[in-house]
There are 2 protein chains.
Amino acid sequence: MRATVLVRPKQGILDPQGAAVETALDHLGFSVSGARIGKVVDLELEAASADEARAQVEKMCEQLLANPLIESYDVEIHA
Amino acid sequence: MRATVLVRPKQGILDPQGAAVETALDHLGFSVSGARIGKVVDLELEAASADEARAQVEKMCEQLLANPLIESYDVEIHA
């Protein structure tokens, strides 16, 4: 089963990479605000059901993929 | 208008970060394969329509957010 995880800095957490992207886009003539940078993790795993896959991936997030103090995550399972 | 961009390493492009995540997950007892790491960019922009917003964000991807030689991108516009 294929899973996609989106890991984003939580609201209120400073995101210097996002601020840098915003400044750079501004210099290129684009007007944007609120730019935030996170990461996307795609992976393949064995699981009997989508629910089981989701539970496994959530454990991975808590243990490795995200820092729950400063990041939130969303899990998508592609059947 | 709010946009989300997913930037991923193209197929066939080496992804050492993905390989490291796979090894680390393996050490934690998870069995996964094909782990790939990319980035997610969330931003807010002014546009008259979703199509115009998409066109603008695609330009941003080509000029700054993605390296088209080694990365592909997907744009989602949230009305």
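Analyst: In this predicted model, 6 strands form an open sheet in the order S3(A)-S1(A)-S2(A)-S2(B)-S1(B)-S3(B), with antiparallel pairing; strands (E, at least two residues) and helices (H or I, at least four) are DSSP runs numbered from the N terminus, and two strands pair if DSSP finds at least two bridges between them. Strand S3 (71-78) of chain A and strand S3 (71-78) of chain B stand at the edges, each with a single partner strand, so one side of each has no neighbour in the sheet. On average, neighbouring strands of this sheet are turned by 20 degrees against each other, direction ignored. Within chain B, strand S1 (residues 2-9) and strand S2 (residues 32-45) run antiparallel and are joined by 6 bridges, and B:Leu6 stands opposite B:Val40 in S2(B).

Helix H1 (residues 16-27) of chain A packs on the sheet, where it touches strand S2 (32-45) of chain A together with S2 of chain B, and its direction makes about 120 degrees with that of S2(A); contact here means heavy atoms within 4.5 Å, while axes are lines fitted to C-alpha atoms, for helices over the stretch in contact, and angles run from 0 to 180 degrees between N-to-C directions. H2(A) lies across strand S1 (2-9), S2 and S3 of chain A together with S2 of chain B, running at about 150 degrees to S3(A).

Helix H2 (residues 50-65) of chain A also packs with helix H1 (residues 16-27) of chain B, at an angle of about 105 degrees and with the axes 11 Å apart. That makes H2(A) roughly perpendicular to H1(B), a description used for angles of 65 to 115 degrees. A:Met60, A:Leu64 and A:Leu65 of H2(A) make this contact with B:Val21, B:Ala24 and B:Leu25 of H1(B).

Over the whole interface, the contact takes 32 residues from chain B and 32 residues from chain A. The two chains bury about 2,500 Å² between them, 65% of it on carbon and sulfur atoms, buried area being the accessible area (1.4 Å probe) that two parts lose on being put together, summed over both. B:Phe30, B:Val40 and B:Leu64 supply 21% of the area that chain B buries against chain A, more than any other three residues.

Residues are numbered from 1 along each chain as its sequence is written, and chains are lettered from A and ligands numbered from 1 in the order in which they are written. Local features need pLDDT of at least 70 and side-chain atom pairs count only at pLDDT 80 or more, whereas totals for chains, interfaces and linings use all residues, and side-chain values use heavy atoms, with hydrogens and water left out.

Terms used:
Angles under 35 degrees count as roughly parallel, over 145 as roughly antiparallel, 65 to 115 as roughly perpendicular and the rest as oblique.
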